[in-house]
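Hi everyone, thanks for making time.

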Amino acid sequence: MIDLYYWPTPNGWKISIMLEEVGLDYKLKPINIGRGEQFSDEFLSISPNNRMPAIVDHLPAEGSAPLSVFESGAILMYLAEKTGRFLPTEVRERNHVIQWLMWQLGGLGPMAGQNGHFLLYAPEKIPYAIERYAKEVNRLYGVLNTQLGKTGAFVAGSDYSIADMAIFPWVRTHKAQKVLLTEFPHVQRWYDDLFKRPAVKRGLDLGKELRAPALTEEARKALFGQTAESVRDGQHAKH
């Protein structure tokens, strides 16, 4: 059994999709990031970066004590290795998947996150920031489109992998990012194909009723007001 510490966001969807794809038994442990539950002592013992998702595997392969894993990319790799699925064992193919996983973790995710922040959540509309991140997201979509045009299938080649699972949830936000998929036909084809997968649909549906209809001031402080001092003093912890 795996405990999944989760909230329905792109990073959370990566892991819910993976768990549905591999069919492992898991128990949902909602972490309401708008109420500051990611700053609780219990969660910080699992995810010291106070970010979800995280997992606790109560039956790790070596049969030892429960094993916790934080950071979405690390979790995807752990689950792939545990189940022997969606991450090749051959060196060249494996590294190709890992490169595109890292591309999402270091590029598409952070840049789309900043783009979304300045478009949707920033109290001031700052033209330079909006243009800066919009252009970078557009560039990254172009990179992805070129790659998918080369493979004609999935991101890292002919086989579906954890790289696809990492990238898809961020492309899921394309409308909020003001990205027109019609401008990226290979991304559109890939996106539509993945959306047809039953496990992807189940992963996206997990906890969808938990999402708040609007961002409250409490949530804004928990999500965007963090410093080393405030985290240390527990100012964001749920009361």
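What percentage of the 239 residues in the protein chain is made up of buried residues? Buried residues make up 48% of them, where buried means under 20% relative accessible area, exposed over 50% and partly exposed in between, with a 1.4 Å probe and protein chains only.

A word on where the numbers come from. This is a predicted model, in which local features need pLDDT of at least 70 and side-chain atom pairs count only at pLDDT 80 or more, while totals for chains, interfaces and linings use all residues. Residues are numbered from 1 along each chain as its sequence is written, and side-chain values use heavy atoms, with hydrogens and water left out.

Now the overall layout. The protein chain has 10 helices and 4 strands, taken as DSSP runs numbered from the N terminus, with helices being H or I of at least four residues and strands E of at least two. Along the sequence the pattern reads β-α-β-α-β-β-α-α-α-α-α-α-α-α. Of the contacts with a separation of 6 or more, 65% come from residues 24 or more positions apart; contact means heavy atoms within 4.5 Å.

Let's zoom in on helix α3, residues 72-83. Its 12 residues should span 16 Å at 1.5 Å a residue, and the end C-alpha atoms are 16 Å apart, which agrees; the expected span is 1.5 Å times one less than the number of residues. Buried residues in α3 include Ile75, Leu76, Met77 and Leu79, and among the elements covering the buried residues of α3 are β1, α1 and α6. Just after α3, Gly84 has a positive phi of about 70°.

How do α3 and α4 cross? Their axes come within 10 Å and cross at roughly 155°; axes are lines fitted to C-alpha atoms, for helices over the stretch in contact, and angles run from 0 to 180 degrees between N-to-C directions. The two helices are therefore roughly antiparallel, a label for angles over 145 degrees, with under 35 roughly parallel, 65 to 115 roughly perpendicular and the rest oblique. In α3, Ser72, Gly73, Leu76, Met77 and Glu81 meet Arg94, Ile98, Leu101, Met102 and Leu105 in α4.

Last stop: α6 (residues 162-171) and α7 (residues 185-195) pack at about 105°, with axes 11 Å apart. That makes α6 roughly perpendicular to α7. Among the residues making the contact are Phe168 of α6 and Trp190 of α7.
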